Amino acid sequence: ISVNQDPLGVQGKKLKRLADGTEVWAGPLSGNQIAVVFWNRSNKPATISVNWSELGLHPQTSVHIRDLWEHADLPGIQTG
């Protein structure tokens with residue numbers, strides 16, 4: 001709900017759609033945050049990824065990840 005009702009009010013956009021039925025969506029949130037959605041529209045498990053550059057992030061960016069489905073924080077990731 002907090003992503004849906006973020007005060008910035010900007011809708012996310014589809015970044016990519018792959019032939020296997022997976023999609024990546026992203027949009028800005030208030031507080032200089034980004035919501036990223038990995039969507040598997042197929043009926044089988046899939047690995048979905050996105051590059052920092054596709055999100056407009058610098059390669060050395062550290063992130064806080066929250067799995068909204070599982071209601072759990074995940075280990076942060078830093079590349080580079």
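**Salt bridges and surroundings**

Analyst: D73 has a relative accessible area of 47%, so D73 counts as partly exposed; buried means under 20%, exposed over 50% and partly exposed in between, with a 1.4 Å probe and protein chains only. This is a predicted model: local features need pLDDT of at least 70, side-chain atom pairs count only at pLDDT 80 or more, and totals for chains, interfaces and linings use all residues. Residues are numbered from 1 along each chain as its sequence is written, and side-chain values use heavy atoms, leaving out hydrogens and water.

User: Which residue forms a salt bridge with D73?

Analyst: A salt bridge is a side-chain nitrogen of Lys or Arg within 4 Å of a carboxyl oxygen of Asp or Glu. Here the closest N and O atoms are 3.4 Å apart.

User: How many salt bridges does a search of the whole structure find?

Analyst: One of them joins E54 and K16, with the closest N and O atoms 3.5 Å apart. That pair links distant parts of the chain, 38 residues apart. E54 is partly exposed at 29%, and K16 is partly exposed at 23%. The search finds 4.

User: Is E23 buried or exposed?

Analyst: E23 meets R41 in a salt bridge of 3.0 Å, N to O. The pair links distant parts of the chain, with E23 in strand β2 and R41 in the loop between β3 and β4. R41 is partly exposed at 46%. E23 has 2% relative accessibility and therefore counts as buried.

User: The charged end of R41 sits over the ring of which residue?

Analyst: A charge sits over a ring if NZ of Lys or CZ of Arg is within 6 Å of the ring centre and within 35 degrees of the ring normal. For R41 the distance to the ring centre is 3.8 Å. The ring belongs to W39.

User: What is the relative accessible area of V24?

Analyst: V24 lies in strand β2, residues 22–29; strands are DSSP runs (E, at least two residues), numbered from the N terminus. Leaving aside residues up to four places away in sequence, V24 touches several others, including L15, V37 and I48; contact means heavy atoms within 4.5 Å. V24 is buried, and the value is 2%.

Conventions. Helix = DSSP H or I, 4+ residues; strand = E, 2+ residues; numbered from the N terminus.
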